[in-house]
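Work through the exercises below with the sequence and the 3D view open. Try each task before reading its solution.

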Amino acid sequence: MAFINDLGKIIVFLFLLLSIFLITAKSERKLPDYLFAAFLLVSVIDFSGLFLSPPDSRIIKGGKLASVLLQMPLYYLYVNSACYYNFKLHKKHLLHGLPFLFVFCFFSITGISEQDYKIFDVISVVQYYFYIIAVFLVLRNFRKLYQENYSSNHHLTYKWLMQTTVLFVIGNIFVLIRGFVDNDSPVYNYLFTLTSVFVLSVITWFVLNALYRPNLFAGINKDLTPVQSENEVKKQPEQLKSLLQFMETEKPYLDDKLTLQKLAEQIHLPEKQLSLLINQHTGKHFFDFINEFRINDAKTLLKEQSQLTVLEVLYEVGFNSKSSFYTAFKKETNLTPTDYRKSTI
């Protein structure tokens with residue numbers, strides 16, 4: 001029991017420390033930092049129960065228990081702000097706090113009985129997975145939009161957020177399993193410790209990576225809409241021929257911030273028409289279409305200019321991240337850039 005108390009103190013201290021880092025760290029987009037810091041601070045209220053006994057007050061006990069209902073709404077809003085650079089908080093987002101407000105008021109007035117705890121457990125689990133599903137839907141839409149409209153490394157944002165969300169689900173499964181184990185059992189203490197260490201490791205890993213990679217959450221335009229149908233325009237081989245010729249001669253893909261909008265302006269086509277043209281005729285999203293040209297150039301440079309380092313090559317062909325370059329290169333060739341270079345010697 002003493003170990004769990006000490007672990008709780010460590011978790012609370014680190015969460016507070018990470019919150020301060022997020023709030024004070026210099027960043028072009030502070031809203032994601034503030035929302036995740038708020039998520040951590042609300043989590044502190046929950047984890048403080050590992051070593052602190054709340055005063056015998058209905059209001060304090062009700063507030064502590066109800067605060068759990070703020071965690072996932074804050075994470076959901078955080079994911080939206082991390083994905084979309086023009087996401088802003090509005091009054092309507094206060095609706096996410098209504099379950100917390102209702103439960104807090106109810107417990108503050110009536111107190112908390114054993115039956116209330118059981119009902120609350122069900123409510124919190126239902127709410128948790130409601131928001132988990134909502135987060136997955138946000139990430140699915142985000143992935144579709146960046147693939148159709150951007151050539152830069154937004155897939156790293158998607159990867160980090162998806163991994164973190166999946167890890168959160170795994171951590172919650174540990175909590176659910178713990179609910180079926182007797183509180184006095186050694187297994188219960190083991191599961192409690194495992195869950196706490198797991199959650200601490202995941203959040204620390206995520207926050208530190210976000211801090212050291214400030215461009216990870218550059219975000220995309222939330223007002224973009226996914227392409228709905230491939231039958232809205234007829235196939236136009238001449239336009240495709242012009243597009244490919246433009247790509248070969250002008251090499252717009254060397255711009256690491258190239259977007260569908262930029263390319264559409266350069267070849268004088270509406271964005272939607274260009275997106276459909278690429279999808280229909282190449283079977284690729286804009287993201288993969290652009291990276292194919294970059295990888296072809298990279299293969300040439302790796303083969304013919306051995307004096308260039310891999311890092312110099314990736315910047316030369318339009319990538320702005322080593323990890324995104326390696327991922328795209330391996331996807332196209334099934335080899336790492338270094339292995340490819342060795343195979344051509």
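This is a predicted model: local features need pLDDT of at least 70, side-chain atom pairs count only at pLDDT 80 or more; totals for chains, interfaces and linings use all residues.

**Exercise 1.** Find which elements give two or more residues to the largest nonpolar core, and which of them gives the most.

Solution. Start with the core itself, which has 56 residues. Those with the most contacts inside it are Phe36, Leu40, Tyr75, Tyr78, Val79 and Ile203. Next, list the elements that give two or more residues: α1 (2–24), α2 (31–47), α4 (68–83), α6 (114–149), α7 (154–178) and α8 (186–212). Finally, α6 gives the most, with ten residues.

**Exercise 2.** Determine which residues Phe36 touches, leaving out those up to four places away in sequence.

Solution. Contact here means heavy atoms within 4.5 Å. With sequence neighbours up to four places away left out, Phe36 touches Leu22, Tyr75, Tyr78, Ile203, Phe206 and Val207.

**Exercise 3.** Describe the largest pocket: its volume, its central residues, the elements around it and the classes of its lining.

Solution. First, the volume: the pocket holds about 1,800 Å³ of space. Second, the centre: 43 residues line the pocket, and the closest to its centre are Asp46, Val68, Asp121, Val175 and Arg178. Third, the elements: at least two lining residues come from each of α1, α2, α3 (58–66), α4, α6, α7 and α8. The largest share, eight residues, is supplied by α6. Last, the classes: the lining has 25 nonpolar, 13 polar and five charged residues.

Methods. Residues are numbered from 1 along each chain as its sequence is written. Side-chain values use heavy atoms; hydrogens and water are left out. A nonpolar core is a set of buried Ala, Val, Leu, Ile, Met, Phe, Trp, Tyr and Cys residues joined through side-chain atoms within 4.5 Å. Buried means under 20% relative accessible area, exposed over 50%, partly exposed in between (1.4 Å probe, protein chains only). Helices (H or I, at least four residues) and strands (E, at least two) are DSSP runs, numbered from the N terminus. On a 1 Å grid over the protein atoms alone, a cavity is a set of points where a 1.4 Å probe fits but cannot get out, and a pocket is an open set with protein on both sides within 12 Å along at least five of seven lines; lining residues have an atom within 4 Å of a point. Grid points are joined across faces, edges and corners, and a volume is the space filled by probe spheres set on the points. Ala, Val, Leu, Ile, Met, Phe, Trp, Tyr, Cys and Pro count as nonpolar, Asp, Glu, Lys and Arg as charged, and the others, Gly among them, as polar.
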